[in-house]
Protein chains: 2
Amino acid sequence: MTETWDELPKPQPLLIVLSGPSGVGKDTVLSRMKQRMLDFHFVVTATTRAARPGEVHGRDYFFISNDAFAEMINQNELFEWARVYSDFKGIPKQQVRDALATGRDVVMRLDVQGAATVKQLCPDALTIFIAPASEAELVDRLRERKTETPEGLQLRIATARQELARMKEFDYFVINRDEALEEAVDTILAIIAAEHSRVQPRRVQL
Amino acid sequence: MTETWDELPKPQPLLIVLSGPSGVGKDTVLSRMKQRMLDFHFVVTATTRAARPGEVHGRDYFFISNDAFAEMINQNELFEWARVYSDFKGIPKQQVRDALATGRDVVMRLDVQGAATVKQLCPDALTIFIAPASEAELVDRLRERKTETPEGLQLRIATARQELARMKEFDYFVINRDEALEEAVDTILAIIAAEHSRVQPRRVQL
């Protein structure tokens with residue numbers, strides 16, 4: 001055997017999109033993931049609003065000028081962007097490219113519509129839908145927030161229901177049951193490990 | 001919200017094929033899997049040879065007559081079969097159907113050629129290739145067996161090399177490094193967990 005076997009696929013970093021309906025617990029899942037998964041880059045959003053006391057540029061947000069933001073739009077350098085009151089926010093592609101270039105997986109947390117946009121731009125993104133165990137459980141969680149008028153709550157429930165119906169556009173689903181957060185995070189980490197074991201890996205192109 | 005959300009995919013049992021080159025440690029991986037993964041069915045091979053002392057029908061093998069074996073061939077009821085000296089052995093499809101019908105995952109351990117045959121018959125089988133960390137590590141393991149003539153060893157090395165080249169036909173690869181068995185089993189269990197989280201599950205048809 002003089003030739004060397006060189007068939008192991010080269011490791012490819014993943015672009016991981018975590019999403020799910022309003023109220024399902026995306027932020028809780030993500031903060032636990034950050035504790036357990038040591039080496040990934042979590043995307044930072046760019047915003048045109050001013051930094052608030054304690055906020056750090058590059059950690060909480062990239063604080064950029066309106067001109068710089070407009071330039072990124074023109075160059076097609078944002079995954080998606082939105083106007084929030086008089087400010088703009090969006091996810092710059094360059095930081096994702098830079099992080100992937102270091103070989104690290106990149107994680108984004110997005111609402112269902114944003115996840116669909118990223119998947120369209122980048123079909124090799126790995127999309128995970130965090131789902132409730134049942135619709136009733138999700139409605140209960142939305143009710144428990146108690147921060148809304150009855151009309152506001154009804155609107156959020158209707159939105160969550162529309163979002164649930166879009167699960168089929170995702171690659172994987174992970175159920176975030178009440179009081180079983182660790183199980184949900186276990187499954188997400190298993191999905192990531194499995195994806196790194198694919199013989200034909202995803203190749204993210206941005 | 002009067003309608004009930006009913007979008008969670010129905011759980012589908014998997015047909016899992018574990019394979020890899022001669023000498024890579026398939027049996028060691030499998031026996032550790034049996035200890036850690038509680039609820040799966042490991043396929044039992046049918047054979048026309050007589051039971052040896054201590055062998056149990058249905059556990060070690062299905063001991064069947066030549067006529068029964070010939071009938072299974074005629075009915076296309078074997079995944080694959082082979083003549084071993086004057087006896088025949090093969091994997092009956094019916095036990096796989098029966099086990100899947102109970103909702104349990106089914107695991108088969110096959111050589112690389114057998115795995116390719118099953119994948120052809122059943123494209124939705126989940127195929128995992130157990131790989132060495134390097135060709136050199138595999139050759140060392142084959143040498144350490146010391147049960148063969150130099151010519152026999154060369155033949156086994158040449159075969160293993162051909163088998164390595166077929167990794168690309170598999171869905172996943174898992175590296176079984178020397179002294180890192182637990183890591184290999186962790187990855188296999190992660191792959192199985194991830195596959196059970198697919199929004200579009202594999203649907204095994206036999």
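The report below takes up the strand, then the nonpolar core, and then the contact between the chains.

This is a predicted model, in which local features need pLDDT of at least 70 and side-chain atom pairs count only at pLDDT 80 or more, whereas totals for chains, interfaces and linings use all residues. Residues are numbered from 1 along each chain as its sequence is written, while chains are lettered from A and ligands numbered from 1 in the order in which they are written.

**Strand β7 of chain A**

Helices (H or I, at least four residues) and strands (E, at least two) are DSSP runs, numbered from the N terminus. A residue is called buried if 20 or more other C-beta atoms, placed from the backbone, lie within 10 Å of its own. Five of the five residues of strand β7 (residues 105-109) of chain A are buried, so β7(A) is largely enclosed by the rest of the structure. A:Asp105, A:Val107 and A:Arg109 point one way from β7(A), and A:Val106 and A:Met108 point the other way. In a regular strand the side chains alternate between the two faces of the sheet.

**The nonpolar core**

A nonpolar core is a set of buried Ala, Val, Leu, Ile, Met, Phe, Trp, Tyr and Cys residues joined through C-beta atoms within 7 Å. The largest one has 92 residues, and those with the most contacts inside it are A:Ile16, A:Val17, A:Ile128, B:Ile16, B:Val17 and B:Ile128.

**The two chains**

With copies superposed by least squares on the C-alpha atoms of residues with pLDDT of at least 70 in both, chain A can be laid on chain B with an RMSD of 0.0 Å by a turn of 180° and a shift of 0.0 Å along the axis. That is the relation of a two-fold axis. Of the residues of chain A, A:Ala190 comes closest to the rotation axis, its C-alpha lying at 2.2 Å.

Counting two residues as in contact if their C-beta atoms, placed from the backbone, lie within 7 Å, 28 residues of chain A are in contact with 28 residues of chain B. On the side of chain A that touches chain B, the largest share, five residues, comes from α7(A).

Notes:
Buried ≥ 20, exposed ≤ 12 C-beta atoms within 10 Å, placed from the backbone.
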